[in-house]
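Please look at the structure below.

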Amino acid sequence: MNDDKVEPKLSSREKIPANTVKIEDPRYEIFYPNISGYCDGIGYYRNYMYNGALIDTFNDEKNPVRYEIIYHDDTHKRIDCMRLTLLYPRAKLGGIFTSLPYGIVKKSVPGIGATTLALNQPRDTIIVLPTKKLAYQKYLRGYNKERTSNRFLYVGSDIPEENFKSPTDEQIRSYIAEKRTGTFPYKKILVVADSLGRVMAQFKYIKEAPIRFWNKKLEEAPEELKQNPMRLLLSLPAEKLCEPHMDWHIMVDEIDTFQSDGKFREAMENVIDYYLEFPPIKRCLVSATIRPFTHPQLKEEPLLEINYEHPKKRPVNVIRTNNMPREVADTLSRYRERYPNDKIVVAYNSIRSINTIIRLLPVELQADCSVACSSQSQAMVGKYYRSLHSGKLATPITFITSTYFVGVDIEERFHLLTVSDPRRIQTLLSPERMYQISGRCRDELGLLSETIIYAFYKPKTPAEAIPLEEYERKAEILSQFANSSEDIQKSCENVLPANFADVKDAIVERSKHSIFGSQPISIIRRNIHGKVVPAYLNIDALGEYQQLCTETYTSKERFFATLRETCQICNTAYHSHKKNTEQIQIEETDRENRKNIIIQYVQSSIDELLRAKSQGPITDDVLDRMIRKPRDNRHGRTFLKRVKELYPYVPLDKLIDILTPRLTKSGINWNAVWYRNLRRSIFFACLADDHPFRILLRDYFPAGTRMTSDEIREKMNAVLINIQARELKSNREAIKLYHCFFEEKRSHNKTNFRTVEAVRDMGFEPLQRIAATTTVNRILELM
């Protein structure tokens, strides 16, 4: 680079202005000295800095990094990114930098040591990780040789298999506030995304300590001092009245995982809220495979791309198939025969498919298998469950799910089979995610081999991709609409019922979108301050899924072209398999087992709820505590959330009976669609007799009337238009909604009439009625 340099002040460790190297974009800074300093005992040295990432060189050492500025246009006023090229082959970041840069850090190679650098940098640092497995494995590095103390703090749910308990709030505060000296003076908090709110609450608690101390002393003071608080102030110790000094940085690791998995975990979006509350020079987002962000503030973060001067492409074999479980089972059998002493890892984010694969293997190979997955899925895999905390593979064949796709170090060589299955959104992998998975092998010699097994995406119904700008526009409109409910409530408090503000939650809950058969994904959310905002990470996820379905996985040419950006494709094949009787039976058995396990999970929460009831009345606070309690499955939490929504209307014993999942001929009555229709029926049963919605339905569907499917849709849409709800496009949708409200007598002759019977009897007397004056928001909840 030929940028003009200015003479630096080498003794200063403060933020260096961007014009050290002439840059007009204030988000970036480069400190590039042209003279050396001198320090007794060390000799001559130079300090280089790129967005806060410091490099020290001594004597005649050269800068181990070359930088390049990528400008947005010829005006050079805005920078798209700064590229840092590591000139030493296979160098780790910690061997070059003494601290992480601020902004977005795209470390284009997995395993380059960004987390290790964060753990060792001379700064108090909060390191946010997507999974507790990853956070706990990094935490283990902080133990001393005797394993009697750990210089790091892990904050997440318990690790039962390690008999490890999560710290209490008081222990977190104690760690934050303690004064450190000696060999490791800097504190590191390794926190799982879901627990970051707990950590930030303790920072707030410590910050407000002087206020609490003053209020307590003022309350206890004699009356004469209360009248003259200045005398009281002068009598108190100054250190108790001063805000404690806390100078912390935050790093969010594997941020692309937050973009992909935020749709399953609301807490991941909250992490960005907390991240943006830190000063720009004290925060960074890190990953090897970062995609563009739709979040307007993250778009403004400076971007640094870090790569080697001569990056190597990894060799891969590629197999396309029409039957994933059969192909994986056959490939495993071949590998075990060909490489009997080698270990194999299968990356497949589907417990159901993993169970099928294991049962398709010969009995002797089934004994070689283990499954490393989240504790929530432990019951699903039973005796095959294992953890990878030690960094070693416990069995010859190890299946891993997305819990282990990022950040976990496996300190030995193995053959990797990566499965990208387009049948479900969570099993369809981008080539970038495959690159991350390959990076789990931390042996210097790398993987023994890597094979990618995939299929093309075949849409059931044609659909076009929606521009992300359209999602953003709709999310902004919906957010404004939801937030306006509070202003309306304040302006019209004498007219509206107290629960009118519930419309805010109803809008958030129902602002979901499904694309190409994916599960519905919310495009708005409540942020950490209770305000409704666009769910930008979810919009990112929708964009990625659309791109994979409409481009990457539509043809061999497109898929291979994307792979070749980071891979050298060695061998390709296509294997076709028909499902035989054995596989069909195995899959059916696994479906039945999964249903029974869900019932067991829910029953555990039912038992917990009944114990709480025996100790006192069930309230929102009681249910909130139970919902927040760490548990090994999401189904128990889902059950408790449903109880909280409905218990004001339905007697608790009856509600438990209604919500308990049961096996049916068509499956299990548990999924979101089943619950939505059940909730519609319950709320309808709770409407007052003179409620306008109930009267509308009675007028359009008189008891004893015979109707065709077309007539039911026509009349149901007439009702919905009256309450300003969306129209139904199909007879099937209309009949499902009709069944939420009415019993029916079905005619089985060729005319296929339905006879409207009485209003559906839910078998309970409501604890409270929804008054006729209740506004449209409660009715919209029925839809």
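**Salt bridges**

R283 and E301 are joined through their side chains by a salt bridge, 2.7 Å from N to O; the term stands for a side-chain nitrogen of Lys or Arg within 4 Å of a carboxyl oxygen of Asp or Glu. The pair links distant parts of the chain, 18 residues apart: R283 belongs to strand β12 (residues 283-287), while E301 is in the loop between α11 and β13. Helices (H or I, at least four residues) and strands (E, at least two) are DSSP runs, numbered from the N terminus. Both R283 and E301 are buried, where buried is under 20% relative accessible area, exposed over 50% and partly exposed in between (1.4 Å probe, protein chains only).

The model is predicted: local features need pLDDT of at least 70 and side-chain atom pairs count only at pLDDT 80 or more, while totals for chains, interfaces and linings use all residues. Residues are numbered from 1 along each chain as its sequence is written, and side-chain values use heavy atoms, with hydrogens and water left out.

By the salt-bridge rule the count comes to 31. Among them is the pair of E300 and R78, with the closest N and O atoms 3.2 Å apart. These two residues are 222 residues apart: E300 lies in the loop between α11 (296-299) and β13 (303-308), and R78 in the loop between β5 (65-71) and β6 (79-86). E300 is partly exposed at a relative accessible area of 40%, and R78 is partly exposed at 30%.

A salt bridge also connects K613 and D653, at 3.0 Å from N to O. Here two helices are linked, K613 being in α21 (residues 581-615) and D653 in α24 (residues 652-659), 40 residues apart. K613 has a relative accessible area of 34% and is therefore partly exposed. Elsewhere, K138, R141, D409 and R442 are linked in a network of salt bridges.

**Strands and covered elements**

Strands count as paired if DSSP finds at least two bridges between them. Strand β11 (residues 248-253) has 6 of its 6 residues buried. W248, I250 and V252 are buried on one side of β11, and H249, M251 and D253 on the other. In a regular strand the side chains alternate between the two faces of the sheet. Strand β8 (residues 124-129) pairs with β11 in the parallel sense over 5 bridges, and T125 stands opposite H249. Strand β12, which holds R283, runs parallel to β11 and is joined to β11 by 4 bridges; D253 stands opposite V286 there.

An open sheet of 8 strands with parallel pairing has the order β17-β16-β18-β15-β19-β20-β14-β25. Its edge strands, β17 (385-386) and β25 (567-575), each pair on one side only. Within this sheet, β15 (residues 344-347) and β19 (residues 415-420) run parallel and are joined by 4 bridges, with V346 partnered by L417.

Helix α10 (residues 267-275) is mostly covered, with 8 of its 9 residues buried.

**Surface patches**

Patches are made of residues with over 30% relative accessible area and no salt bridge, like charges being joined within 9 Å and nonpolar side chains (Val, Leu, Ile, Met, Phe, Trp, Tyr) within 5 Å. Accessible areas come from the Shrake-Rupley method with a 1.4 Å probe; for residues, only the protein chains shown count as cover. M230, L233 and L234 form a nonpolar patch with about 320 Å² of accessible area together. M230 is found in helix α7 (residues 229-235).
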